[in-house]
Amino acid sequence: MSRMIRPLHSSLAMLALVGCHSDSGFPEPPPLKLALQPFVSSGLSSPVYLTQPFFDGRIFVVEQPGRIRIVKDGALQTTPFLDITSRVLYEGERGLLSVAFDPQYGSNHYFYVFFTTKPNGDIRVERFTATNFDVADASTSKLILTIPHSTYANHNGGLLTFGPNDDLLYIGVGDGGGSGDPLGSGQDFNSLLGSLLRIDVTHGDPYLIPATNPFVGQAGKRGEIWAKGLRNPWRYSFDPSLGLLYIADVGQDSREEVDVVPVTSGGLNYGWNITEGSRCYNASSCNFAGFTPPVIDYDHSEGCSITGGYVYRGTAIGRLKGHYLYSDYCSGFLRSFRYDNGVAADQQDWDITADNVTSFGRDFDGELYLLSGNTIYKIVEG
């Protein structure tokens, strides 16, 4: 995110989608409405991520100060699942930013976290083991990867997630902060900053670089890099149904963007800091050749910092299926589109606003959640 996360209460709203005209003679279905249904309305401190392991009845919520909380049977549990606040540098965009459960979590009990560490804010990816069902042992930490990030406090990226088919760990990393990429990380292929990384934590100690990564063995290019040219991916997600990767990349002064590409398309360059969204950055003209353009982008008259979500694949809201939902930290809208042959079709603004939307969440049934201030909402049909 390009703005500081501040815990504020969110507002609740609904919106209507105009129905399509039908000449079939049958009554048209009523316009689809969405609503934000309170899921956890108290007891949280700066939640920034929500996830659920496959076939696990519990939902896990990441709190930016350094805790992972459990929601069980609809109730927020008092005892944290993990508490590493003493190690986490929490300020502005820094903190504990996500958790990813191993695809074999049910048997090996491994999970991975992304956080900025004391005292200097370097990025760390660590593995922990849940030795107790509801309380993990912080002493089981194992360092997987560290990335220097002490010069500036912002643009950490922050999302870990396993790929839908390859069981490889993807890591979204910002450009290292500052205005306009002063470190030059966006186009520096020898830097892990400004990148989407892909590593194998199953077969390596602490990891292996997959042989199918696009820059393996190339001089001056880190083999961990899967994609380049990102400013601050907040956040990205996979849609296994269509084999697509969605990346919401926060802009500088002008454009917020969403990129959509096949999951298998490694080695793409999204253009930062030569481009910002669909425009040149800090120049009247630039060469777009070799850069992957966004599917959508919007300017700062509509928001300030995009918050990426997920493609809806649940069953509760049938007419929403296939739509990618996203928001903005400042304006707090709820919007969606359906990706169709390279374009954003059926773009909708759902006329819902919420304060300081920091993230979305998805449970294993495919239902979606919205994190706003210190409140979590479930997205439901209104």
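Mentor: We begin with a term: a strand is a DSSP run of E with at least two residues, numbered from the N terminus. Please keep in mind that this model is predicted.

Trainee: What makes β20 a strand?

Mentor: β20 spans 275–276, and a run of at least two residues counts as a strand. Both β18 (255–262) and β20 supply at least two residues each to the lining of the largest cavity.

Trainee: How many cavities of 30 Å³ or more does the search find?

Mentor: The search of the whole structure finds two. The largest has a volume of about 60 Å³. Its lining has 13 residues, and the closest to the centre are Asp249, Glu257, Trp272, Glu276 and Gly277.

Trainee: Which residues line the second largest cavity?

Mentor: That cavity, with about 30 Å³ of space, is lined by Tyr49, Leu159, Arg235, Tyr236, Gly308, Gly309, Tyr310, Ser359 and Phe360. Two or more of the lining residues come from each of β16 (233–239), β23 (306–311) and β27 (357–362). The largest share, three residues, belongs to β23.

Trainee: What is the division of this lining by class?

Mentor: There are five nonpolar, three polar and one charged. Arg counts as charged, and Arg235 is one of the lining residues.

Technical notes
Residues numbered from 1 in each chain as written. Predicted model: local features only at pLDDT ≥ 70, side-chain atom pairs only at ≥ 80, totals over all residues. Heavy atoms only, no water. 1 Å grid on protein atoms, 1.4 Å probe; cavity = no way out; pocket = protein on both sides within 12 Å on 5 of 7 lines; lining within 4 Å. Points joined across faces, edges and corners; volume = space filled by probe spheres on them. Helix = DSSP H or I, 4+ residues; strand = E, 2+ residues; numbered from the N terminus.
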